[in-house]
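Let's take a walk through this model, with an eye on its aromatic rings. Have the sequence and the coordinates open as you read.

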Amino acid sequence: MRRWSRFVWKLRYGWRRTELDRELAEEVRFHLDQLEQEGRKSGADTVEARNAARREFGNVGLLMEQSRGAWGWHWLESWLQDMRFAVRAFRRDWSSTTAALTALALGSGLAIAIFTIVNAVMLRPLPYREPDRLVMVWAVNQQLGWDQEKFSAPEMIDWERSGLFESVVGFMPNMTAITGPGEAVLTHGYAVTPGFLGLLGVQPMLGRPFTPDEEKKGGEHNVLLLRHSFWMRRFGGDRNVIGQKVLVQNEPYRVVGVMGPEFQFFNRQTDLYVPTTLNPAGIQNRSRMFRLIARLKPGISLSQAQARADTLAAQAAREHPESNRGWTVNLVPVPLDTTGPVRPALWVLLASVGMVLLIACANVANLLLAQGIARSQELALRMALGAGRARVLRQLFTESWPLAAG
């Protein structure tokens, strides 16, 4: 109850500060007058009685300051006072303030911008289930200078049966004309083999994934998934898009799902995904058409999988020299494959802007140090008048805080 009463009194003092300060001054003056009258009654003249009254009463300013501290939040009042002084100091020396703000803005702005890119590209985990087990399977031919090439359908089946992977999915990129609603547009799409979303461990934001029957291309089973940005751009974010039919390469397809905004597969240009399967003729075709993504089996490390894949690639080259001679395989973790070409450049760029930020902070620190040296007489005078070392340090910190906040 007493704490609540003190809190209410502090609020009251905050609202009626001027009035209460006037009442305090009148009360102090009343006590001094009483002491002075008692001195005159004892035979002292007016000046002696007034001086004796002040000596007996004590330091008037200190007692009034202590009373105000008991009534209100002294630390808040002191902080506001320091803030007002800092603002006045900035306005007086606006050129130094502008230089400091410009240096901090450039340094921190560049650092934040580059770190945002690095975080999105390299640090933030991919929105897939256990992304560290996902690998891109690339065909490599050192003689021809090719290091990220596709596989044929028979090779994809061989990798599915290799025992290295939990699942393997092939995908073929192509430019696709889509019609409805509105005018026809040319966009990027992927034809994916069965198990595409299951391998990644994701689900559509709207609708559902492909069913096993729908993954058999043809007739009424022609279905597609839309990327979120394409759904927003082409369909205006219409949640009733599920079930609508559109023409893809003049064939009718039904929309069964919309992926979430965080979903991105392989590149940023892909807007739709359609299922594809291998017909008997395709199974025998050794033309390289499919890019492969796979999920390693639990307990198999990347180095173990790579060693086994090298063995299988050498065996395929012996069995099919006309199509596989000179070809090997390279397993690359999906997070590394996504950022591989730009990863060194981004780290160098991040380190560079970090140095720029440090230089900016050093310049501002030197500027504040020079200002502190110029104000040495002022600070000495403050301490001579009774300000403690902690009080002066708090004042200087309060002056630096709005600068950093700005």
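Is Tyr190 buried or exposed? At 1% relative accessibility, Tyr190 counts as buried (buried is under 20% relative accessible area, exposed over 50%, partly exposed in between, with a 1.4 Å probe and protein chains only). A quick word on ground rules: this is a predicted model, where local features need pLDDT of at least 70, side-chain atom pairs count only at pLDDT 80 or more, and totals for chains, interfaces and linings use all residues. Residues are numbered from 1 along each chain as its sequence is written, and side-chain values use heavy atoms, leaving out hydrogens and water.

Now for the rings. Those of Phe, Tyr and Trp (its six-membered ring) pair if their centres lie within 6.5 Å, with planes under 30 degrees apart called stacked, over 60 edge-to-face and the rest tilted. That rule gives 13 aromatic pairs. In one of them, Phe171 and Tyr190 have ring centres 5.1 Å apart and planes at 80°, so they meet edge-to-face. Phe171 sits in strand β3 (residues 165-179) and Tyr190 in strand β4 (residues 185-192), so the pair ties together parts 19 residues apart in sequence. Strands here are DSSP runs of E, at least two residues, numbered from the N terminus. Phe171 is buried too, at 0% relative accessibility.

Next, look at Phe265 and Tyr273: their centres are 6.5 Å apart and their planes at 70°, so this pair is also edge-to-face. Phe265 is buried at 2%, and Tyr273 is buried at 1%. Zoom out, and Tyr128, Phe171, Tyr190, Phe196, Phe263, Phe265 and Tyr273 make up one aromatic cluster.

How values were computed:
Helices (H or I, at least four residues) and strands (E, at least two) are DSSP runs, numbered from the N terminus.
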